[in-house]
Amino acid sequence: MGDNEDMPNPRPVAALVVGTLLVAACGAGRTTPSPTAAPAPGTATPLPATPRDGTPPVPSPGGTDSSAPAADPSATADPSATGEVKASSAWTGVKGADLPGSTALLDVAATGPRDAWAVGYQDGAEDREGTPAVLRWNGSRWREVAVGDDTGAHHLEGVSAGGPRDVWVVGNGPSAFAAHWDGRGWTPYRPFGVAEDYRLADVAASGGGAWFAANGPSGAVVLEGGGGEFRNALSTEGTLRGITSRQGHVWAVGTSTARTPLVWHGTAGSWESPGTPPVPGGVLNRVWQVSPTEVWAVGHVSASPQARPPAGDSRPLVMRWDGNRWARVEVPVARGALHGVTATGPGDVWISGVDADHAGQVLVLHFDGTSWSREYGPLLRAHASGQQYEGTDDIAATGLTRVPGTGTLWAVGSVGVGDDEKAFVLRR
């Protein structure tokens with residue numbers, strides 16, 4: 001989800017409660033915690049004064065106080081798979097719309113306490129791609145909003161909102177798909193026409209128009225859109241995953257052809273790549289600009305080329321722009337992946353993802369300008385002996401946003417894989 005300059009028709013569907021806590025307290029995740037001692041969640045870890053290219057060897061046992069969800073009597077604890085920690089009492093599950101089949105929410109954006117949007121997919125399965133899912137929060141509940149019957153899209157990947165009447169979503173089916181909400185309905189677009197070899201990864205609303213991160217047969221593309229027209233602003237090698245736009249600056253991030261972090265910066269029609277520390281296997285998934293001299297990007301380091309590699313095969317990656325250079329920043333998690341980032345200032349940065357040692361619970365990192373703290377969401381699904389997939393009880397994806405003018409955060413995502421993947425909504 002990109003940030004921006006400013007900060008329906010529901011249809012009946014069948015039975016999955018998005019955001020309802022799926023199960024509880026017997027063991028989570030695929031991996032066993034590291035035996036190395038580490039600070040408990042919430043313990044401060046200093047931000048290094050200089051960047052380091054190595055991953056900090058800081059595992060993450062322990063937890064913050066909260067009441068545990070009720071146990072699932074059908075699940076049995078497996079000591080080799082356990083990784084559960086006490087959830088932070090600040091995070092609670094919120095009932096969402098009922099979505100059928102395999103479901104996931106991949107991104108979330110908010111314009112205020114009574115207006116938030118989450119996007120992803122529903123009705124998926126191992127033998128079918130699924131259809132778009134768009135949910136809207138009205139201050140009291142989440143409702144599904146139909147984005148159109150002829151989108152041609154299977155999954156929606158990103159959402160960005162400049163206001164209640166200025167919302168963009170992007171996704172993909174046989175061809176790339178975008179749509180704009182003006183407060184009354186959706187206007188659909190196909191920025192690349194019917195071409196089937198382009199994909200949209202993210203969008204950033206910007207003054208009625210938007211910036212788009214995309215990928216095609218020749219590499220990465222940044223589009224500028226508005227008034228029903230789309231202009232190719234940048235073509236480059238590599239793959240783009242995230243984009244943000246604010247105060248006349250556009251930042252797009254991803255991974256280079258050499259599998260190192262990729263960053264492009266645009267102002268007034270001019271683009272440059274300021275470069276990042278060389279991190280082999282580095283992928284940046286999302287980016288957030290606080291100001292032109294304060295930008296954060298998050299992702300993972302992995303030998304796998306997968307967009308969402310298993311958390312146990314990855315290491316978290318956080319990078320920060322200070323107006324002069326990008327530097328890698330240490331965080332108090334040794335293994336896992338980071339998917340979402342939002343901030344109100346240099347002393348209030350929030351990041352979501354997965355800690356591989358506690359893979360059944362959403363990981364949320366907070367930077368207060370001096371040090372990092374960790375929080376974990378509730379256990380969403382207990383490990384069960386004989387479960388269908390190895391990752392059935394693991395968090396697969398997360399998205400995160402801050403509600404402007406408040407201290408409220410929304411986190412969305414999915415738990416499980418294949419036919420067992422189910423969406424969730426959490427609020428802090």
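Visitor: In what order do the four strands of the open sheet with S2 and S29 stand?
Guide: This is a predicted model. The pairing in this open sheet is antiparallel. Its edge strands are S2 (92-93) and S27 (395-402), each pairing on one side only. The order is S2-S29-S28-S27.

Visitor: Which residue is the bridge partner of Gly93 in S29?
Guide: S2 and strand S29 (residues 422-427) run antiparallel, joined by two bridges. In S29, Gly93 has as its bridge partner Leu426.

Visitor: What is the bridge partner of Ala178 in S10?
Guide: Strand S9 (residues 176-181) runs antiparallel to S10, and four bridges join them. In S10, Ala178 is partnered by Tyr189.

Visitor: Which residues form one aromatic cluster with Tyr189?
Guide: Tyr189 is the bridge partner of Ala178. Its aromatic cluster also holds Trp168, Phe212 and Phe230.

Visitor: Is the pair of Trp251 and Trp326 stacked or edge-to-face?
Guide: The count of aromatic pairs comes to 18. The ring centres of Trp251 and Trp326 lie 5.6 Å apart, within the 6.5 Å cut-off. Their planes meet at 80°, and over 60 degrees counts as edge-to-face. So the pair is edge-to-face.

Visitor: How many residues apart are Trp251 and Trp326?
Guide: Both are buried. Trp251 is in strand S16 (residues 249-255), and Trp326 is in strand S22 (residues 326-328). The pair links distant parts of the chain, 75 residues apart.

Methods: Residues numbered from 1 in each chain as written. Predicted model: local features only at pLDDT ≥ 70, side-chain atom pairs only at ≥ 80, totals over all residues. Heavy atoms only, no water. Pairing = 2+ DSSP bridges. Phe/Tyr/Trp six-rings, centres within 6.5 Å; stacked < 30°, edge-to-face > 60°. Buried < 20%, exposed > 50% of the residue type's maximum accessible area, 1.4 Å probe, protein only.
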